[in-house]
Amino acid sequence: MDERRSWLADAPRLLLLAALGLLVLAPYVWMVSASLKPLDELFRASLALWPERFFAVENYGKVFARVPVFQYIWNGIVVCAGILAFQLLFAVPAGYALAKLRFPGRDIAFGAVMLGLLVPPHVPALPLYVGFSQLGMLNTYAALILPFTISVFAIFLFRQFFKALPDELIHAARLDGMSEAGIVWRVVLPNAWPAATAFAIFSVVAHWNDLFWPLIVVEGPSRATPALGVLFFRSDEAGDDFAALMAAAVIMTAPLVLAFLFAQRRFVEGIATTGLKG
Amino acid sequence: MSDAVLPLRRAAPIGEALAGLMLTAPAAIAYAVMLLLPTLAAVALAFTDYELGMPGFAWIGLDNFSELLADRGFAVSLRNTVIYVGIVTPLSIALGLGAALLIEAGIRGRALFRAVFFLPVVSLTVAMAAAWQYLLHPTIGPLNAALRRLGIADPPFWLSSSDWVLASLAAIGVWENLGYTMVLFLAGLTAIPRELYAAAQMDGARRAVDRFRLVTWPLLGPTTLFVVTITLIRSVRVFDTVAVLTQGGPNRASEVLLYTMYREGFTYLRLGYSAAITLVFLVIVLGLVWLQTKALDRKIHYG
Amino acid sequence: MAGIQISSVAKRFGAVAALNDVSLTVGQGEFIALVGPSGCGKTTLMRIVAGIESADAGRILVGGRDVTRSRAADRDIAMVFQSYALYPHLTVAQNIAVPLAMRRLSGADRLPLLGRFLPGAARRRAAIAQDVAAVARSLGLEAMLDRRPGQLSGGQRQRVALARAIIRRPAAFLMDEPLSNLDAALRVQTRREIVDIHRAAGVATLYVTHDQTEALTMADRVAVMMAGRILQVATPEEIYADPQDLRVATFIGSPRINTLAAEAGADGVVRLAGEAVGLVATPGPLTLALRPEDLWIAESGIAATAEAVEFLGESVLLHARHASGEPVILRLPPEAPRPRPGTALRLGFDPARALLFDAAGRRVAAHAPAERALV
């Protein structure tokens with residue numbers, strides 16, 4: 001059954017997949033198409049995908065002229081990178097300690113991790129908002145990054161992963177005279193790459209696309225992430241200018257989608273492994 | 001285990017214990033500050049009348065919850081969430097499973113279709129919501145243009161119609177989730193031994209349906225259970241599309257749990273009341289996880 | 001003849017020819033072991049017979065019926081898989097019942113819940129349960145009918161796989177290395193049981209293995225396969241004593257048969273390192289092959305040096321080296337004198353038991369000189 005079938009025998013399968021695929025792609029196709037058309041053409045609601053008058057320069061130009069696109073994308077990169085860096089910095093050593101070291105309180109710590117897995121990030125959001133607002137830290141990178149620096153999911157994932165590493169590896173490193181911290185960064189982390197890339201993809205996808213938290217702590221464009229940028233552009237600038245709005249949507253969607261298209265296999269595997277472990 | 005052995009087994013070398021504590025300390029501090037304390041505070045808030053900007057607060061016991069019970073807005077929000085979840089979960093699981101089975105059934109186009117179905121998972125939800133808004137626009141949207149061309153004189157107003165808004169949001173939800181369920185099912189399918197399919201053929205499972213019932217579906221059991229739970233939790237969390245497209249409208253027809261919580265907390269600044277809604281949300285999520293563990297214990301685990 | 005007929009089957013995987021014009025007939029009630037090193041194509045051939053894979057060319061007949069184009073389900077063949085391929089979510093009883101349920105119950109009958117209430121379904125189910133009980137009794141599985149495969153030992157799983165195969169009374173059995181996942185002691189015991197089951201069922205059986213002991217002990221005939229071709233099909237005795245190909249001779253037998261480069265001169269006299277060995281054959285380069293037990297230490301004969309001795313209990317293996325540098329192994333009775341390492345030896349053998357192969361590895365006739373004189 002794993003044999004290559006003729007095109008004819010494969011046709012029903014391919015047709016079904018293609019039909020479902022076209023449905024999934026439809027929003028992208030229309031989004032790009034609309035971003036190339038002048039507004040009056042959109043208002044005629046023609047079903048032609050290709051624009052009669054090519055208006056891409058004007059639409060995309062409008063987006064770049066009216067909103068700080070690069071500022072949004074830069075903010076998105078800073079926030080995602082900051083979150084990921086802290087998550088790894090905290091979770092890798094903790095995951096290793098929970099997997100391979102004996103210390104007082106280890107079972108309690110692991111219980112806390114399992115408990116933390118059950119709490120959606122929306123639950124602590126209210127008190128965190130109050131805290132940041134009391135400290136006058138709203139509208140800062142810190143407010144965007146700090147709440148996500150601890151990922152119990154990352155700790156759990158790395159613990160499971162390190163559990164599978166042979167104990168001999170760590171014993172050998174100790175016999176070679178390495179400190180525990182040295183073991184983490186020079187022995188354990190190099191072996192953690194598969195789990196780390198999988199988690200990195202999971203984390204970046206989640207936080208690049210997140211709207212809930214940025215919407216709570218950010219006002220105005222200076223610290224807005226791409227998700228907020230689209231929202232601002234939509235309500236302030238575009239109004240009913242769908243052509244420009246679609247151009248903005250294309251611009252903000254592009255970075256992650258391009259990254260995905262370049263590293264498809266890694267993305268899919270990353271989400272699948274993190275998904276199944278979680 | 002004798003007393004003489006016990007201390008030996010328990011006492012870790014001091015160096016190791018110290019290292020363990022040091023390595024977990026940063027995570028433990030961040031956990032306490034960013035997760036544990038705020039969560040406990042959220043629980044506590046739910047029993048107060050705290051409002052942002054007000055000087056003090058009072059403990060009011062279960063008043064927030066009795067207000068919730070009486071609040072028609074909350075009831076609508078809960079009902080809408082249940083309907084949304086009730087549409088999105090089965091459809092995105094069925095379509096994700098169908099896509100995974102179709103992709104697995106042959107060799108041609110595997111990578112291509114996997115990428116296509118997965119694309120919405122990595123796309124900026126807010127931006128794609130805008131694209132959907134255009135697609136579903138009552139007057140200039142391509143969908144209604146197509147429907148009109150097919151002879152339907154006045155097609156639904158989708159996101160601006162209180163009858164259609166939940167269905168429209170659910171369609172977007174299915175579109176967002178099906179790639180995710182597909183990827184999980186694909187991982188589950190590759191774990192099924194090929195020889196079982198050969199054995200099923202020899203045993204007389206002639207049709208693909210027979211082999212699906214005899215091998216695929218039962219062996220996919222643990223995966224399916226997991227996918228059901230995670231899809232339920234993901235769809236209970238619906239927020240982005242509502243915040244971008246409808247703000248709960250028209251006329252509260254798309255008010256959902258997290259959006260109500262957001263509005264109460266961050267628009268009306270009634271943090272106590274909002275925290276009570278958060279607690280309801282938390283209980284629902286915990287309940288779903290509990291059901292999953294029960295089901296896992298009960299059945300689908302084949303030793 | 002009924003049973004399984006394989007004629008001129010060929011199969012390629014990309015550029016690699018996995019099977020090359022393979023023909024083989026398993027007679028009614030016959031047990032044939034298909035033996036060969038891993039990667040020789042034996043499993044591919046079995047999967048083609050089963051209908052799990054398709055052949056590029058050739059025909060398959062089962063019970064006299066051409067099934068080349070039939071699906072696996074329609075071939076009236078049962079198979080025991082190397083991994084047993086039991087359904088992990090079904091009990092032992094349900095596993096054994098699957099082939100009957102698939103054939104005797106309609107799709108509607110098998111629906112969960114609803115199926116129980118269809119007319120006749122209960123009767124058909126009861127009949128299946130009876131058959132399952134009978135087969136389980138014959139294999140000693142009654143006590144574990146309600147368990148799942150995950151709760152069974154390897155040997156028990158193997159029996160369940162056998163039970164699932166025999167319950168249907170198929171026209172032919174296929175077995176793909178069914179003993180390879182068992183430990184050594186269990187393997188010997190199960191060998192006998194499979195042979196008994198085969199006797200009782202009287203069904204044509206094709207048994208794939210890489211283990212020559214299994215092939216020789218169990219089969220009526222042995223088919224030796226290498227590089228996608230069947231080299232020889234014969235009884236175990238013939239395969240051992242009378243191999244028609246040098247590769248068969250070296251594959252079967254442990255320790256390996258001794259092979260020495262020889263040459264038949266223009267006069268036909270076979271010489272080994274210049275010395276006549278008492279055989280006559282067609283002129284040309286040859287390989288002289290001798291089983292370890294067919295050599296002994298003698299006053300005159302092949303020159304060799306003793307290197308090491310291994311005591312095996314019922315016999316002793318003497319490792320020696322021929323003057324040409326080729327290794328030679330002798331199997332000696334345990335009480336025989338054991339030469340010290342380094343001792344120069346002369347090895348004698350019975351010319352009647354010597355095997356000669358030509359440069360292409362084909363067996364050539366060897367005569368004693370006197371015999372030739374008579375001709």
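## Chains A, B and C in a predicted model

Reader: Happy to start with the interface: how many residues does each of chain B and chain A bring to the contact?

Author: Bear in mind that this is a predicted model. The contact draws on both chains, with 92 residues from chain B and 93 residues from chain A.

Reader: And what area is buried between chain B and chain A, and what share of it do carbon and sulfur atoms give?

Author: The buried area between these two chains is about 8,500 Å². Of that area, the share given by carbon and sulfur atoms is 76%.

Reader: Which residue of chain B meets the side chain of A:D10 in a salt bridge?

Author: Between chain B and chain A the count is two salt bridges. In one of them, with N to O at 2.8 Å, the side chain of A:D10 meets that of B:R108.

Reader: Let's turn to helices. How are α4(A) and α11(A) oriented to each other?

Author: Helix α4 (residues 69-100) and helix α11 (residues 193-209) of chain A have axes that come within 10 Å and cross at roughly 140°. Angles over 145 degrees would count as roughly antiparallel. The two helices, α4(A) and α11(A), are therefore oblique.

Reader: Which residues of α11(A) does α4(A) meet?

Author: From α4(A) come residues including A:I73, A:C80 and A:L84. By class, this contact has ten nonpolar, four polar and no charged residues.

Reader: Lastly, what is omega for the peptide bond from C:S254 to C:P255?

Author: C:P255 sits in the loop between α8 (246-251) and β11 (258-264) of chain C. Most peptide bonds are trans. The bond from C:S254 to C:P255 is cis, with omega near -5°.

How values were computed. Residues numbered from 1 in each chain as written. Chains lettered and ligands numbered in written order. Predicted model: local features only at pLDDT ≥ 70, side-chain atom pairs only at ≥ 80, totals over all residues. Heavy atoms only, no water. Axes fitted to C-alpha atoms, helices over the stretch in contact; angles between N-to-C directions. Helix = DSSP H or I, 4+ residues; strand = E, 2+ residues; numbered from the N terminus. Parallel < 35°, antiparallel > 145°, perpendicular 65-115°, else oblique. Contact = heavy atoms within 4.5 Å. Nonpolar A, V, L, I, M, F, W, Y, C, P; charged D, E, K, R; others polar. Buried area = accessible area lost by both parts, 1.4 Å probe. Salt bridge = Lys/Arg side-chain N within 4 Å of Asp/Glu carboxyl O.
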